Amino acid sequence: MLRIRQLNVFHAIVQTGSVTAASSQLGMSQPAASQTLKDLEMALDFKLFERDGRGLRLTEAGEMFFIESEKSLYVMQELEQRAQAIKEGNRGQMSIACEAAWGASLLTPVLSKFMERRPDVSLAVYPFATSYFHSWMSGGMIDIAVTSVPINNQNFIQERLGSSEAVIILPKSHPLCAQSTIHAEQVSEEDFIVLSSRNELNYYRSAAAFQNLGVVRNIRVFSPLSESVFSLVEQGAGVSIVSKMICETLSGQFDVEWRPFQPKIRYDVFGYKRRGMPSNRHETLFFDLLREHIA
């Protein structure tokens with residue numbers, strides 16, 4: 001069975017031209033390097049070098065093996081580095097699940113900052129309905145989840161990342177844009193575009209605020225995507241109650257206005273990771289950056 005140490009010694013001898021120089025380059029004794037080369041030739045069952053007047057020279061089989069082993073050595077070194085990174089909780093990749101309705105919009109500026117700080121880490125972002133989070137996290141398919149819906153599971157570690165107040169977005173031509181603050185009673189006759197599904201917690205939060213005042217909303221559209229909601233409002237299809245943090249991210253991309261809304265509604269944001277997993281500095285940094293952004 002070939003070992004990465006054997007390939008490292010072999011390649012060092014080819015590069016330096018001698019066992020002595022190779023052992024010095026690798027920080028090992030000359031007898032140890034010689035023995036490693038012998039072990040490699042025994043495992044291969046053919047000679048890699050032969051001596052000439054100037055030192056060691058690759059045999060024909062040795063030249064062919066060098067070409068093939070160069071690719072394998074790179075793969076083995078990469079695998080060794082990844083294994084060490086996993087051991088140290090410093091993985092080179094991270095999978096993130098977020099709520100389909102608003103997660104991608106919220107995470108975009110955070111992802112940019114994270115990538116600047118961790119240029120060697122690849123990210124995968126999955127916008128899902130929160131009902132999928134439990135199975136995906138339990139199965140190890142995602143590393144962390146960001147949601148406004150509390151997940152009660154003893155196998156997950158919950159971190160509250162912050163909260164954001166609700167605002168109302170309107171088409172720029174809407175008469176209520178003249179108001180500094182908009183109250184629920186003022187939009188009782190409006191069509192509503194709801195950024196949520198019918199069974200998500202944020203929908204019930206905003207619904208309760210209207211019900212407590214005896215105001216019945218005329219909901220025309222439920223949409224799971226924040227960009228879709230903003231686009232519909234821009235086109236005059238209705239108004240919408242959304243989190244201020246999402247509004248600050250997207251309002252510049254659409255021809256809409258936003259105003260503070262009364263009564264006050266707050267949306268919490270939680271981060272989740274699997275309990276019992278090694279401490280991971282990438283996950284810690286990501287949650288810290290998200291806290292800063294929400295604040």
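## A loop residue with positive phi

Asp-45 sits in the loop between helix 3 and strand 1. Helices (H or I, at least four residues) and strands (E, at least two) are DSSP runs, numbered from the N terminus. Asp-45 is not a glycine, yet its phi is positive, about 70°. Is Asp-45 buried or exposed? Its relative accessibility is 69%, so Asp-45 counts as exposed. The cut-offs are these: buried is under 20% relative accessible area, exposed is over 50%, and partly exposed is in between (1.4 Å probe, protein chains only).

## The model and the whole chain

This is a predicted model, in which local features need pLDDT of at least 70, side-chain atom pairs count only at pLDDT 80 or more, and totals for chains, interfaces and linings use all residues. Residues are numbered from 1 along each chain as its sequence is written, and side-chain values use heavy atoms, with hydrogens and water left out.

The chain holds 10 helices and 12 strands. It has 295 residues, and 45% of them are buried. Contact means heavy atoms within 4.5 Å. Among contacts between residues at least 6 apart in sequence, 75% join residues at least 24 apart. The accessible surface of the chain is about 15800 Å², and carbon and sulfur atoms own 50% of that surface. Accessible areas come from the Shrake-Rupley method with a 1.4 Å probe; for residues, only the protein chains shown count as cover.

## Two nonpolar cores

A nonpolar core is a set of buried Ala, Val, Leu, Ile, Met, Phe, Trp, Tyr and Cys residues joined through side-chain atoms within 4.5 Å. The largest one has 33 residues. Which of them touch the most other members? They are Ile-96, Phe-230, Phe-286 and Leu-290. Several elements give two or more residues to this core, including strand 3 (93–99), helix 5 (103–117), strand 6 (156–171) and helix 8 (226–234). Helix 10 gives the most, with 6 residues.

Phe-230 touches Ile-169, Val-242, Ile-246, Cys-247, Leu-250, Ser-251, Phe-254 and Val-256, not counting residues up to four places away in sequence. A second, separate core has 19 residues, among them Phe-10, Ala-12, Ala-22 and Leu-44. In soluble globular proteins, nonpolar side chains tend to be buried together.

Helix 8 has buried residues at Ser-226, Val-229, Phe-230 and Val-233. Seen down the helix axis, they fall within an arc of 95°, so they line one face of helix 8. The arc is that of the directions from the helix axis to the C-beta atoms. Gly-236 follows helix 8, and its phi is positive, near 85°.

In helix 2, the buried residues are Val-19, Ala-22 and Ser-23. Their arc, seen down the axis, is within 100°, so they too line one face of their helix. They pack against helix 1, helix 3 and strand 2. The face turned away from the buried side carries the exposed residues Thr-20 and Ser-24. An α-helix has 3.6 residues a turn, so residues three or four places apart point the same way.

Ser-18 lies in the loop between helix 1 (4–16) and helix 2 (19–26). It is partly exposed, with a relative accessible area of 25%. Not counting residues up to four places away in sequence, Ser-18 touches Ile-13 and Leu-56. Ser-18 and Leu-56 are 38 residues apart along the chain, but their C-alpha atoms are separated by 6.3 Å.

Arg-57 belongs to strand 2 (residues 55–58). Arg-57 is partly exposed, at 41% relative accessible area. It touches Leu-48, Phe-49, Glu-50 and Asp-52, again leaving out residues up to four places away in sequence. From Arg-57 to Val-14 is 43 residues in sequence and 8.1 Å in space, C-alpha to C-alpha.

## The second largest pocket

On a 1 Å grid over the protein atoms alone, a pocket is an open set of points where a 1.4 Å probe fits, with protein on both sides within 12 Å along at least five of seven lines; lining residues have an atom within 4 Å of a point. The second largest pocket holds about 210 Å³ of space. Grid points are joined across faces, edges and corners, and a volume is the space filled by probe spheres set on the points.

Residues lining this pocket include Val-19, Ser-34, Lys-47, Arg-51 and Leu-56. Helix 3 (30–44) and strand 1 (49–52) each supply at least two lining residues. Helix 3 has the largest share, 4 residues.

## A cis peptide bond

Gln-262 and Pro-263 are joined by a cis peptide bond, with omega about 5°. Pro-263 is in the loop between strand 11 (256–262) and strand 12 (266–274).
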